[in-house]
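Here is a short report on a structure. Take a look at it first, then read on.

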Amino acid sequence: MPQYMLLVYEEELDPAGQAEREKELPMMLELHRSLREAGLLVGVQRLRSVESATSVRVRGGEAEITDGPFAVTKEVLAGYYVLDCADLDEALAQAARLPMARWGTVEVRPVVSAVEWVSLARQAGVDVPDEAVSDLA
Amino acid sequence: MSGGVEPADPVSAAVARTFRDERAIVLAALIRQAGDFQLAEDAVQDAFEAAVTAWRRDGIPANPGAWITTAARRRAIDRLRRNRSVADRAERLAELTRLDAEHEEPAMEDESTIVDDRLRLIFTCCHPALDMSARVALTLRALGGLTTGEIARAFLVAEPTMGKRIVRAKRKIADARIPYRVPADEELPGRLRGVLRVVYLIFNEGYAAGEGDRLVRGELCDEAIRLGELLRRLMPHDAEVWGLSALMLLHDARRAARVDSSGRYVALDAQDRSLWDRDRIREGLATLERAVRLRRPGEYQLQAAITALQIQAPDAESTDWAQIADLFGALARLTPSPVVELNRAVAVGLADGPAAGLALLEPLLAEPGLERYQPLHAAHAELLSRAGDAAGAARAYERAIALTANAVERAELERRLNALR
């Protein structure tokens, strides 16, 4: 079956605005369940705020590391990797190994863990069962 | 600032002294134990605030550093208990509570742990995934103990702007999991270069005869030199660590002679050499010697060697410009840049005559990117003037003056322009 990637873009809001969004989690869990039952869902992950982004480019054999997301130029999103890494240093070192880092940019974004996703919704006042963690993982 | 005047009453003086001598050590250890930069910094701040009241009431403790360590750890435990959003909260609490129970009056950590903690702190503050201005601010705050307001004033930005920058950097350290550790051997040289760049940037910010409060800026130089000395102690086998320290000391020795009594910039060859700080020069030369003995040349050592040659000559005429030109040549091979090329051209002009210098300047003047680079036009003017081309020199001086924002430098260039007529 062909696969499609759904890329989610949104404006980052202040904490109060973000808390409102967290309240949507039960609806999302419902959606994930229905996608999973239909055999459509391959994976879903939430990224941390763009403030935690780091960009890696390799030029002239040297890794250039810069704070912040990939700046909009004529480069377009071409693919993605999800890696388990001990910390940012390991993630940056692996990013610099990708051949694409030599001609493009690899933006490294931390993923929000399922546990934290659930706890963010709970802090926003939503009652979420513990099983939600495995639904999100 | 940390090195400011000590208050008269003994408790405030003791708190100020402990702040200056122990704060970075306590903070560096607590960040490791609590696993959170912001939390540790807040807890250390709390501890110093509590010290003022407690020491007035109970007397100054025998070991103020140990008192602050214990108090800061307990504040960290309190803060961690209240803050439910911290990841691995339970493990961190367990670790801190265990440490707290272990010794009522903690013996200070052993020397190698203290060294490692401070290195961890330096490498984290200077991590390449942080914005350069945030690296500078975090380093000044965490290691230098400067307040956000002091850093904001030194860098001519509004305090809330600087505050946001620092908070954001600390949030990135936590969210992106920038590790709190000394980089592995294979990464170490590159990462250390980054740390030295941050320290030199702090120094230059203070040294540049730019706008702003000259006193605050002088303290930036002092702070950078202190950081250089700290790095010497922590990483004594790295030649460039000694090289940078030597370079800063040798520049700083001439701080008083760079500006005259009316606030005007004084060029090196016109400086009153009796105003140079002889002790600093001796220290700088000895530091450079230590660097050279490690036999690993680098950009800071080369720059320090150039500065040393300029300083050791009794006057501008008897300076060994040929050797300086060679050193700039070596520097250009190591770190090619138009700035180094320009300096090499100036030195060659002094060693072999203005025509030789002008020949080296030719390709730089043709470079469109350097069209608005003021020092290039000032140097061009100087060489043309010495070559006897007064009209050409005047044009180049006018170009340089138009590009100078700094009043002191502009006045000097205008003086030279008028001297042509």
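## A hairpin in chain A

Strands (E, at least two residues) and helices (H or I, at least four) are DSSP runs, numbered from the N terminus. Two strands pair if DSSP finds at least two bridges between them. The model is predicted: local features need pLDDT of at least 70, side-chain atom pairs count only at pLDDT 80 or more, and totals for chains, interfaces and linings use all residues. Residues are numbered from 1 along each chain as its sequence is written, while chains are lettered from A and ligands numbered from 1 in the order in which they are written.

In chain A, strand β2 (residues 54-59) and strand β3 (residues 62-67) run antiparallel, joined by 6 bridges. V58(A) has A63(A) in β3(A) as its bridge partner. The hairpin of β2(A) and β3(A) has 2 residues between the strands, and G60(A) takes a positive phi near 60° there.

## Domains of chain A

Chain A is divided into domain 1 (15-46 + 113-136) and domain 2 (50-109). Such bounds come from an automatic or database domain assignment. The C-alpha centres of the two domains of chain A lie 27 Å apart.

## Where the chains touch

14 residues of chain B are in contact (C-beta atoms, placed from the backbone, within 7 Å) with 14 residues of chain A. On the side of chain B that touches chain A, 7 residues are nonpolar, 1 is polar and 6 are charged. Ala, Val, Leu, Ile, Met, Phe, Trp, Tyr, Cys and Pro count as nonpolar, Asp, Glu, Lys and Arg as charged, and the others, Gly among them, as polar.

Notes. Contact = placed C-beta atoms within 7 Å.
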